[in-house]
Number of protein chains: 2
Amino acid sequence: MTESGKPLKVAVLGCGSVGSQVVRLLQEQATDLAARVGSPVELVGVAVRRLDAAREVEVPEGLLTTDAEGLVSRGDIDVVVEVIGGIEPARSLILSALEHGASVVSANKALLAEDGPTLFEAAEKAGRDLYYEAAVAGAIPILRPLRESLAGDKVTRVLGIVNGTTNFILDKMDTSGAGFADALEEAQALGYAEADPTADVEGFDAAAKAAILASLAFHTRVTDADVYREGIAEVSATDVASAREMNCVVKLLAICELREQPDGEEAVSVRVHPAMIPRSHPLASVREAYNAVFVESEAAGQLMFYGPGAGGSPTASAVLGDLVTVARNRRNDVRGPGESSYADRAVLPMGEARTRYHVAIDVDDRAGVLATVATAFAEHGVSIRTVRQEGRDDDAQLVVVSHEATDAQLSATVAHLQGMDSVREVSSVMRVEGGAE
Amino acid sequence: MTESGKPLKVAVLGCGSVGSQVVRLLQEQATDLAARVGSPVELVGVAVRRLDAAREVEVPEGLLTTDAEGLVSRGDIDVVVEVIGGIEPARSLILSALEHGASVVSANKALLAEDGPTLFEAAEKAGRDLYYEAAVAGAIPILRPLRESLAGDKVTRVLGIVNGTTNFILDKMDTSGAGFADALEEAQALGYAEADPTADVEGFDAAAKAAILASLAFHTRVTDADVYREGIAEVSATDVASAREMNCVVKLLAICELREQPDGEEAVSVRVHPAMIPRSHPLASVREAYNAVFVESEAAGQLMFYGPGAGGSPTASAVLGDLVTVARNRRNDVRGPGESSYADRAVLPMGEARTRYHVAIDVDDRAGVLATVATAFAEHGVSIRTVRQEGRDDDAQLVVVSHEATDAQLSATVAHLQGMDSVREVSSVMRVEGGAE
């Protein structure tokens, strides 16, 4: 970079935990940012809901405004940073910003997962950038590597621990033997879970991120409505103990897979659910509230990206990284890579997702039960890999681990088992991921 | 990408294990590459030393040539991929390619570490891109994240396991208790180490990568001549066992640190040496020949990037990722970010590097020896964190772990100890990294 140009004007929408760190870094790192962009980066406005709210950062005199729409439509803004979150008014503001000639950096996973294509098309039409690294896995650079570093490779699977709250809870259950409720309470006490933990615990947050990851990995539009979702509220201390016996650990995974279909076409499977993974898998050692994304591709093999998945300052790091790229692009009057959805693959229904299963069944302890249960699995095309029987007084527990089967086959098997006289209860069904078949 | 342009012409220099995989992927992924670049990517020539050599890939009729210089200076090449390695003729060919209007993708760590600035200046002058993701840690996207994703953050430390051969050997020593010579022999038998393992075992390969990482992380020119280097040939089974007792593991680390100096300026410390790291550190679980780079930055916190560090196909994935970006840039007549060396920080001599130390000392087993040894540490300003004494017949061993001190202070302490009557031998000195002070 040999010359310096006129300042690039940046507006920030939202000044909460992420926004305030963005504002702080824009001020503290001004000299470095100017050197890296090639032009000074000037903060010209910060839109907030209330002018008099308490903030973690001091916003320079005169920059605060409650008129977000007025700010993004000024016409002289080069880059708008959207860190409000939620669908509206974020969507309208981003669309308005693009229409008025600004490029956009957003951390808004919910909006991108629900309505990304509307935003991408607006960016394309405006000839502006829309970057959103911070929307998935906080500070971890994962979207840019998927979109750019792996652009010459073929990604076949992404397994992500992309929600810190649920990873903290499951890790606590694994290390202390606590049940879900106690672990959640501890997470709330430590600030890792919100008072209403639904979005995290029920997997909504992870599902939005799965949609974003799958779209990028497979060059196909995937929205959160396409993502099968199961949370961790049903994971019991017994499930965690069973995983331990199998030398596995339970993690809430965002899973994006490319699957060859009988007709030779490749389709996409995207789902979020708790699963057992072997302790030897790199994802198994992701502790506490950390995030990690494990990527498998044809040429590169197995890659993992690890780091803090949330928090104001880490998320702001991702936002600022995008901001430098987008600002450089504005300065040079170019665009980075836009949406890539050329492959336009079909998204499979959950019934066609294929994986392995760990099924615990309480049965009468009498001769022939194992044979009956095995027959039920066989009837639905689910091949058994291992079975372990444990006697307990007058009943027994069978623990079956299957080979790969479809979700529909497994569901039919479970329904069949539940209707059998000798089966008292199918006490646990959990998917097994991350190992060789 | 809505339109399609004229084909982009690509020349590949070298058709060994990486080059042949690049050629293969260019052919197999042609449709995807065209969609991602926005124009077809056409392989127009492959330069090799001998036309009749055995190759892992079939090169299309008429593309092979022994005239590499003629190929890069044709004048119609859009992108030259250099996977020959070594200093010459690679440097001359890259410079010629840039002069003749091509952008360049290179995997050449040795050349970039020795003479990067010459290449960067030539790329700047020509207005072309020079990308080199594959030069460090094979398939792992680490240079792009450092250069782009973390561009809004301040990187303070990079710890890398960037040489698969030495990691395989040290991992084997840790898991089997083998000595260095046996572990090396096994690595050679399995193809993880070359017949002449000097470049890997003595840390030359890692030092080149350290120079490249430090340059990017700290926006400062660092060449391999600036990198302090120690290999693993002196690491003994006893060292590995001592590490195990401390709940540590020995790894060959490439360490790049930003250090505030007494005058308030920040300087860069870059070194490669074996070190003990706690088993709880994310790098400790990097097994076999895998690589990983651990990055600490002010806003993002701790990140790790993990994957295969070598191999034809993984390295080709990184080359192709760069190729897609560079080809897009050619198509759009723009450049990506060039060299960033604006910070121009001083590189510290090894004597000023600060870390902790594990020192094993064989001493006479008599009263007062511990006090004498402790005094020697204190005289040179090295503060002791823990000391453990083990009696053995008529002599004893002291194991000292220090607080942070400079390398010069530690060296002076060791020289002092070696001159003491009661000290029979300083049997092991190893640095301790990756933990809180």
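How much area do chain B and chain A bury between them? I looked this up in a predicted model, where local features need pLDDT of at least 70, side-chain atom pairs count only at pLDDT 80 or more, and totals for chains, interfaces and linings use all residues. Residues are numbered from 1 along each chain as its sequence is written, chains are lettered from A in the order in which they are written, and side-chain values use heavy atoms, with hydrogens and water left out.

Entry, area. I found about 4000 Å² buried between chain B and chain A, 51% of it on carbon and sulfur atoms (accessible area, 1.4 Å probe, lost on putting the two parts together, summed over both). On the chain B side, Arg36(B), Tyr306(B) and Tyr342(B) lose the most area to chain A, together 15% of what that side buries.

Entry, residues. I read 48 residues from chain B and 48 residues from chain A in the contact (heavy atoms within 4.5 Å).

Entry, salt bridges. I noted two across the interface (a side-chain nitrogen of Lys or Arg within 4 Å of a carboxyl oxygen of Asp or Glu). One of them joins Arg144(B) to Glu148(A), at 2.9 Å from N to O.
I then checked which elements of chain B give two or more residues to this side: H2 (30–37), H6 (143–149), S12 (301–308) and H12 (312–331) (DSSP runs numbered from the N terminus, helices H or I of at least four residues, strands E of at least two). H12(B) gives the largest share, eight residues.

Entry, strands. I saw S12 (residues 301–308) of chain A run antiparallel to S12(B), joined by three bridges (pairing needs at least two DSSP bridges). Met304(A) stands opposite Tyr306(B) there.
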